[in-house]
Amino acid sequence: MSSPFPQTVDKVKGLKILGPLPEGAKHIFNVEALAFVATLHRSFNARRKELLANRKEAQRLRDSGKLPDFLPETAYIRDDATWTGPPLAKGLQDRRVEITGPTDRKMVINALNSNVATYMADFEDSLTPAWNNLVEGQVNLYDGVRRNLTFETNGKKYALNLDPKRHIPTLIVRPRGWHLEEKHVTVDGEPVSGGIFDFAIYFYNNAVESLKQGFGPYFYLPKMEHHLEAKLWNDIFNYSQDYIGIPRGTIRASVLIETLPAAFQMDEIIYQLRQHIAGLNCGRWDYIFSYIKSLRNHPEFILPDRSQVTMAAPFMSSYVKLLVHTCHKRQVHALGGMAAQIPIKDDPERNRLALENVARDKLREVTTGCDSCWVAHPALVPVVLKVFNEHMKGPNQINVPPKTPYKPVTARDLLSPFVPGAKITEQGIRANIIIGLSYIEAWLRNVGCVPINYLMEDAATAEVSRTQIWQWVTHGATTDTGVTVTKPYVQKLLKEEYTKLAQAAKPGNKFKPALAYFAPEASADRYSDFLTTLIYDDVTTIGRALPGEKL
């Protein structure tokens, strides 16, 4: 499919856009911004691909028995107490509550109108990377930076609250991870990196304007597995700041520690980004996914039902303690995890209990030393703010002595699969099937942020769901009633839950192709690195037919 605007693309040698650009987006995808995309691609994509190949080699070593550990070759970085990150940037000193969500216009308005410190606008796990979503997201963030946001749907009007007395949340953008490509944009015949594309378009169009508005070009970096992947981002940041003529260090990046290998390299990741680092975040659901995925060849690391793997589980609490200690030692923020609950409007008592659970979770985080946490819905903000305001009197806890002396976290602490009261249940298997099928079905309809059972689910929870079942089938785990989790057993439950979901769904649903993707993963017929890469071609303008469907 040729670009509908060849006159734009022809001015950038070797770059092609294989999706439609509406009139209202032409100013975003201008010649200069596209040339910047091409320049970054040619300068850095080869190294990105080398680092992805290194991931595969690291997984091969883990599969063969070499378990994750702290790197001996970088001990000098960890042991040197003299270096720190940069001073906290404007708009990032106090981050006690951060709201996250995709970049559709209504979400951007509601998030920037929320009583939170920051808003993470997401091009990654909560957004299906359909071309229209990406284009509209960039338009919405362009307008959001310039405080020029309005939206109307079904007779209801939304607008940005520009009351000069209120704080507008600091905008932070999460580009896609290194493993994802953007096939609608090619340079010299090769798809560009999704992360480079998301970063380049936003940065080129908004870096200078964001500084005028009192914050700056700030980013959340996902899914990294090695400190050299952080170095790649740092090199891109330096190149980009030089390219548009702003000082190095203007960009600030918060890194999600959401892979098991990264948990052993927190100091090194901060060090590689030490001119740009803003903090590390506890990406809990992706971290559980990565734990299972990284150790998938070893039956001794089987985890129980997802609902039991809370942040109170010893290996999870060890990861948080190490993150808090490492961040504060390096004078940057330790950013807490997600509260994914959404209001249960038809059951006040159940809603009250859910909010109490949120408050307990946030109390654990703030007393552990976290400087912030995430929420997925504005209704949670008052609950979370109450906890943080009561227990964090300053803008952060970077220089607040810990309530209990820090005990060094060992590799064994990070790897131990022990979970008190652990069990695998049929209910847990069914819950994973429902979440996995429901999320993939929505993703295929270009919806990447999905409410399921009063939780806001994104790609991370779908990944946990299919990976857990894969692990249980592969290693012949048993349920609390003594049933061995076999392929026929899972297929029976899959058929039952699929039938219920498909019968209750609206016409035009995508449950049939969702099952075609999910079933081989859950049945342990195959294991894909990421669902999002497995399914990506089917949400592109240039995609192939869905399983069981025709173009």
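Leaving aside neighbours within four places in sequence, which residues is Leu-280 in contact with? In this predicted model, Leu-280 contacts Val-255, Ile-257, Met-266, Ile-269, Ile-270, Leu-323, Cys-327, His-333, Ala-334 and Leu-335.

Leu-280 also belongs to the largest nonpolar core, which has 139 residues. Those with the most contacts inside this core are Phe-29, Phe-199, Ile-257, Leu-280 and Tyr-319. Helix α2, spanning residues 31-63, gives the most to the core, with 9 residues. Because domain 1 (31-67 + 84-414) and domain 2 (423-532) both give residues to the core, it lies between them. Another core, of 36 residues, lies apart from it and includes Ile-433, Trp-443, Trp-472 and Tyr-489.

The model also holds an open sheet of 3 strands in the order β1-β7-β8, with antiparallel pairing. Strands β1 and β8 stand at the edges; each has a single partner strand, so one side of each is left without a neighbour in the sheet. From one strand to the next, the twist averages 55°. Strand β7 is joined to β8 by 4 bridges, and Thr-186 stands opposite Pro-191 in β8. Helix α6 packs on the sheet, where it touches β7 and β8, and its direction makes about 60° with that of β8.

| Element | Residues |
|---|---|
| Strand β1 | 15-17 |
| Strand β7 | 181-187 |
| Strand β8 | 190-193 |
| Helix α6 | 194-212 |

Elsewhere, Ser-465 lies in helix α16 (residues 459-474). Ser-465 is buried, with a relative accessible area of 0%. Not counting residues up to four places away in sequence, Ser-465 touches Asn-432, Ile-435 and Gly-436.

Terms used
Residues numbered from 1 in each chain as written. Predicted model: local features only at pLDDT ≥ 70, side-chain atom pairs only at ≥ 80, totals over all residues. Heavy atoms only, no water. Helix = DSSP H or I, 4+ residues; strand = E, 2+ residues; numbered from the N terminus. Buried < 20%, exposed > 50% of the residue type's maximum accessible area, 1.4 Å probe, protein only. Contact = heavy atoms within 4.5 Å. Pairing = 2+ DSSP bridges. Axes fitted to C-alpha atoms, helices over the stretch in contact; angles between N-to-C directions. Core = buried A, V, L, I, M, F, W, Y, C linked by side-chain atoms within 4.5 Å. Domains from an automatic or database assignment.
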